[in-house]
Amino acid sequence: MDVLGYLRLVRRHWWIVLVTVMTALGAAALVTVRTAPRYEASVTFFVTTPSQGVTDAYQGSLFLQQRVKSYGDLLTSDRLAQSVVAEAPLGLTADQVQRRITTSTEAGTVLLKATVTDTDQTRALKTTETLSAKFIELVQKVETPPDGKATIKLEVVSGPRVTSSPVSPQPVRNLVIGGLLGLLLGAGLAVLRGLADVRMRDAAALQRVTGSPLLGEIPFDSSAKAAPLIVGEAANSRRAEAVRKLRTNLRFVDVHEPARVIAVTSALQGEGKTTMACNTAIALAEAGWRVLLIDADLRRPKVADYLGLDGGVGLTDVLVGDVQVGDVVQRWGDKSLLVLPSGATPPNPSELLGSKAMADLLVALRESADIVIIDTAPLLAVTDGVVVAVQADGALLVTQQGRTSRSQVAAAAHALHSVSVRLLGCVLNMAKVAKADAYQYEAYRVVVPAAGPSVPADRAGVARRGEPAAVGDHTQELTRLSR
């Protein structure tokens, strides 16, 4: 995965980053509030030695630079700490004094700095004053030879002085560090969450898993649950325009071998395959095609409910020979769209859909309509969908974004490929569309006037093989074929 892929994962799981940053900031603020203020008192010593001449001065400087390093350890020694505690009542033990002292030197100089850190500002200053005095005495004792001539001279050149404000905690620094750590941790967790997420999240992944072209990306529409069909006000929505794009792609997916009988299916139940079948049939009929929509999901039929038709008698009754197909096909609306409901629920849906009667029916219907759309059962639930897809010219696989896993989609595609079903393409349903794309559609969409002249069918701008037959002629043709 490239850098852009990781950035997309972070953006997709932005809430993880936000929660992590807020948690880190809260932790940093809590630590800052609960940490006692600490003050620093410091003193700087200058180390020198008597010398004569330039050569002596140079050699003495090198000697002192090496000596200063030893003095740093001497400042934190037990002997000096004990003398400081014995000199002034600080309320501290020798070990506590040692832990409060830090030293520092500058390379190439003979300056030595001692810093005392304490929660009590007054005590920090008093400890530093006592420390500087006792340290000078200790160096004099250590460095004075038996002849009584001192070889090292130690002077205070800065301090002792204490800071007027606490040196820690530093709220701004703590919050900045906490925020940065939270951001890095959140981004890492977001990437891990994205890599561990096996659900189908984008169109590119759907194409890779199925090995078929992406024919449509239907955006999520909160109003689709109450009004699933692209009619009325929904006809001007982004969802309806996406279905029209699907219609165009579906008709030209293979111009040399166009599919006239299309099975619409999905891996799991509830991914929107029935809605997709209905809306695709409506979009094709709007373009002037003679369309027949068949509900072959005999276990849980929904086409008749969506379209507001009577589904009590339909495909099942035709297959068992109780009725003729022309007697149960229903016209929907004022378009060239006919619907064959599922009918009664049979005890053996798979056997019925795979029977010779079903094959003969599809052969007859193929000649009476330009396009036959078949809504089938989910592929991973039962075998009905595969049985129907084998008899069609191709299948259209519908997948809901963020719901179906990649392994489930792969299993559904394999179920079709294993029986040599022609997978025309896939559709990503309920997809999240970028705001820029949504804005472009809203800015360019056609505003339909309240009333106006109708557009003739021959000016619809849709390429097709001849003029569509009238709906009445279509019904008569189905009736003739059934006899």
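Accessible areas come from the Shrake-Rupley method with a 1.4 Å probe, and for residues only the protein chains shown count as cover.

This is a predicted model, in which local features need pLDDT of at least 70, side-chain atom pairs count only at pLDDT 80 or more, and totals for chains, interfaces and linings use all residues. Residues are numbered from 1 along each chain as its sequence is written, and side-chain values use heavy atoms, with hydrogens and water left out.

**Whole chain**

Colour the model by pLDDT, the predictor's confidence in each residue on a scale from 0 to 100. The average is 84, and 86% of the residues score at least 70. Now select residues 448-472, where the pLDDT is below 50; this stretch has 19 contacts in the model beyond near neighbours in sequence. Contact means heavy atoms within 4.5 Å.

Switch to a cartoon view to see 19 helices and 12 strands. Both are DSSP runs numbered from the N terminus: helices are H or I with at least four residues, strands are E with at least two. Of the contacts with a separation of 6 or more, 80% are between residues 24 or more positions apart. Buried residues make up 45% of the 483 residues. Buried means under 20% relative accessible area, exposed over 50%, and partly exposed in between (1.4 Å probe, protein chains only).

**Nonpolar cores**

Select Leu292, Ile294, Leu315, Leu340, Leu361 and Ile374, which touch the most other members of the largest nonpolar core, a set of 45 residues. Helix H17 (residues 406-417) gives this core its largest share, 5 residues. A nonpolar core is a set of buried Ala, Val, Leu, Ile, Met, Phe, Trp, Tyr and Cys residues joined through side-chain atoms within 4.5 Å.

Centre on Ile294. Leaving aside neighbours within four places in sequence, its contacts include Leu315, Leu340, Leu362 and Asp375. A second, separate core has 36 residues, among them Ala277, Ile282, Val291 and Trp332.

Next select Tyr6, Leu185, Leu189, Leu192 and Leu195, which make a nonpolar surface patch of about 470 Å². Patches are made of residues with over 30% relative accessible area and no salt bridge; like charges are joined within 9 Å and nonpolar side chains (Val, Leu, Ile, Met, Phe, Trp, Tyr) within 5 Å. Helix H7 (residues 171-196) supplies the largest share of the patch, 4 residues. Tyr6 lies in helix H1 (residues 3-12) and is partly exposed, because its relative accessibility is 34%.

**Salt bridges**

The whole structure has 14 salt bridges, each a side-chain nitrogen of Lys or Arg within 4 Å of a carboxyl oxygen of Asp or Glu. Asp202 lies in the loop between H7 and helix H8 (203-210), so the pair ties together parts 190 residues apart in sequence.

Move to Asp118 and Arg123, whose closest N and O atoms are 2.8 Å apart in a salt bridge. Asp118 counts as buried because its relative accessibility is 1%.

Then select Arg366 and Asp393, a salt bridge at 2.7 Å, N to O. Arg366 is in helix H15 (residues 356-368), and Asp393 is in the loop between helix H16 (384-391) and strand S11 (394-400).
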